[in-house]
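Biologist: Can you walk me through this one? I'd like to start with the strands.

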Amino acid sequence: MLAAMTPSDFRARGCSQLRLAQPVSLGADAEFDVSFVRFLREALSCLLTVEWTMAALGSLELSAVCHLPPPTAGPYAERWRGEYGFGYCFYRVGPGFIHLVDVRDADDAARFLLDDPATVEAFSQLVGVVRLSELPPLAAQLADQLDQARLLLRLGDWATILPCRLRRWPMSCAAV
């Protein structure tokens, strides 16, 4: 059932929390790993809490995924929870632009503004799980640039963006 539903489907059904019964083992299948990271990213974007156990980390770098919901148990779970921070790596969509923010590493924090219509369209192509070899030229070029900026998860020929979409501010602007 999990493979057939997206986090937004769970939220639409009234779920606010999801518990994965089986431990997740990363590192054996690049497509699965990228799909699972995308699932965590989309769950965070929908403010869906995911409780999961990690059986193996594989080749994922914790510093690249520390902004995503950490596992409750398994290898590196405690370290991942210690590095986790909501809002460390996100993007917002506005009329005709995408604003990217990455503060996973405070010493190398970055903000990017994509406002060219073709680039905004290319970015939208990278939100899913994609095969890099099948991307159109502009999306492939943007994927390379996002990879260099550590904003793309690339495992073999599979990839997806790492920032989660911030759909609404997590607190009132008056609280800031």
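Modeller: Happy to. This is a predicted model, where local features need pLDDT of at least 70, side-chain atom pairs count only at pLDDT 80 or more, and totals for chains, interfaces and linings use all residues. Residues are numbered from 1 along each chain as its sequence is written, and side-chain values use heavy atoms, leaving out hydrogens and water.

Biologist: What's the strand order in the open sheet of three strands?

Modeller: β8-β10-β9, with antiparallel pairing. Strands are DSSP E runs of at least two residues, helices H or I runs of at least four, both numbered from the N terminus. Two strands pair if DSSP finds at least two bridges between them.

Biologist: And which are the edge strands?

Modeller: β8 (130-131) and β9. Each pairs on one side only.

Biologist: How many bridges join β9 to β10?

Modeller: Four, and the two strands run antiparallel. β10 covers residues 158-161. For a landmark, take Arg154: its bridge partner in β10 is Ala159.

Biologist: Which helix packs on that sheet?

Modeller: Helix α6, residues 137-148. α6 touches β9 and β10 (contact means heavy atoms within 4.5 Å). The direction of α6 makes about 100° with that of β9. Axes here are lines fitted to C-alpha atoms, for helices over the stretch in contact, with angles from 0 to 180 degrees between N-to-C directions.

Biologist: What do β5 and β6 form?

Modeller: A hairpin, with two residues between the strands. Look at Gly96 in the turn: its phi is positive, about 85°.

Biologist: Are β5 and β11 parallel or antiparallel?

Modeller: Parallel, over two bridges. Find Tyr91 and you'll see Arg165 of β11 opposite.

Biologist: Switching topic. How many salt bridges?

Modeller: The count comes to eight salt bridges. The rule is a side-chain nitrogen of Lys or Arg within 4 Å of a carboxyl oxygen of Asp or Glu. One of them joins the side chains of Glu42 and Arg167, at 3.8 Å, N to O.

Biologist: Where in the chain are Glu42 and Arg167?

Modeller: In distant parts, 125 residues apart. Glu42 is in helix α2, residues 30-45. Arg167 is in the segment after β11 (164-165).
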